[in-house]
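I opened a new page for this structure. My notes below follow the order in which I looked things up.

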Amino acid sequence: QIGKLKTLTKLGLTGSGPRLRDEHLPLLSGLDNLESFSVKSTAVTAQGLATQKQWSELTTLGFDLVPGQTEPQATVLATSFPNLEILSQQGDTTWKYTADDLRALRHFSNLRIISFAASSISDEAMTGVHDLENLEGAHLLDCRNLTDASVETLSRHKSLTTITLASLPRISDTSLTHLTNLRTLRTLELKTCPNLTPAAIE
């Protein structure tokens with residue numbers, strides 16, 4: 001029935017597990033106006049998504065790329081969705097990410113914002129953001145392995161204007177010191193980072 005909701009511009013399908021697979025995607029082919037699509041914790045693959053040519057105008061995608069396979073996956077998705085500006089990832093698949101996995105996102109030539117949520121992504125993996133030259137926003141939510149080193153990595157990016165740091169228990173006031181070096185930063189949102197002290201706002 002969802003495929004008949006032709007006025008939809010945003011759709012999220014999360015937590016369907018193996019019941020939602022690539023062969024079900026054609027049932028959504030009538031959603032020609034879709035601008036934002038999120039499909040997580042399902043059996044849908046990058047190759048399956050890439051066949052949905054009617055979604056070529058997608059600007060926002062929520063999809064977890066598979067570690068070690070991000071290069072071919074990002075390549076095929078970037079070809080099908082050339083206007084993609086926002087990529088959101090979350091959950092268990094990202095815990096094995098390396099810097100090379102993040103670098104693979106450079107295939108999305110218009111990518112402006114990345115978001116990682118409920119992820120075990122590492123400081124080492126975050127160093128890959130330096131290859132995302134057009135990146136303007138980074139949102140890190142409940143990424144409990146990240147430390148001040150990741151914020152230092154972000155602070156050395158040349159074009160970031162927006163950063164969200166939420167539920168990151170391992171960052172400290174040192175992170176805010178690092179961000180003073182980011183001259184392009186315009187928006188900063190901090191939420192539930194317990195090791196930040198009042199001194200951080202001085």
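I noted that the model is predicted: local features need pLDDT of at least 70, side-chain atom pairs count only at pLDDT 80 or more, and totals for chains, interfaces and linings use all residues. Residues are numbered from 1 along each chain as its sequence is written, and side-chain values use heavy atoms, with hydrogens and water left out.

I placed serine 88 in strand S4 (residues 86–90). Strands (E, at least two residues) and helices (H or I, at least four) are DSSP runs, numbered from the N terminus. Leaving aside residues up to four places away in sequence, I found serine 88 touching Lys40, Leu61, Gly62, Phe63, Asp64 and Ser115; contact means heavy atoms within 4.5 Å.

Entry two, strand S2. I checked the cover of S2 (residues 36–42) and found 6 of its 7 residues buried. Buried means under 20% relative accessible area, exposed over 50%, and partly exposed in between (1.4 Å probe, protein chains only). S2 runs parallel to strand S3 (residues 60–62), with 3 bridges joining them; strands pair if DSSP finds at least two bridges between them. In S3, glycine 62 stands opposite serine 38.

Phenylalanine 37 also lies in S2. I wrote it down as buried because its relative accessibility is 0%. Beyond residues up to four places away in sequence, phenylalanine 37 touches Leu11, Leu13, Leu28, Leu49, Trp55, Leu58, Thr60, Leu61 and Gly62. I also looked up its distance to histidine 139: 18 Å in space, C-alpha to C-alpha, and 102 residues in sequence.

Which residues have the most contacts inside the largest nonpolar core? They are Phe37 and Leu49, in a core of 53 residues. Helix H2 (residues 70–80) gives the most to this core, with 3 residues. A nonpolar core is a set of buried Ala, Val, Leu, Ile, Met, Phe, Trp, Tyr and Cys residues joined through side-chain atoms within 4.5 Å. The contacts of leucine 49, with residues up to four places away in sequence not counted, are Leu25, Phe37, Val39, Val44, Trp55, Leu61, Phe63, Leu77 and Phe81.

Entry four, strand S6. In S6 (residues 137–141), 4 of the 5 residues are buried. S5 pairs with S6 in the parallel sense over 5 bridges, and alanine 117 stands opposite leucine 141. S6 is also joined to strand S7 (residues 162–166) by 5 bridges, again parallel. The chain goes from S6 through helix H5 (residues 148–155) to S7, a β-α-β crossover that is right-handed: with the strands pointing away from the viewer, the path from the first strand over the helix to the second runs clockwise.

Most residues other than glycine have a negative phi. Alanine 118 has a positive phi, near 50°, and sits in the loop between strand S5 (113–117) and helix H4 (123–126). Threonine 192 has a positive phi near 50°, in the segment after strand S8 (187–191). I listed alanine 118 as partly exposed at 43% and threonine 192 as exposed at 61%.
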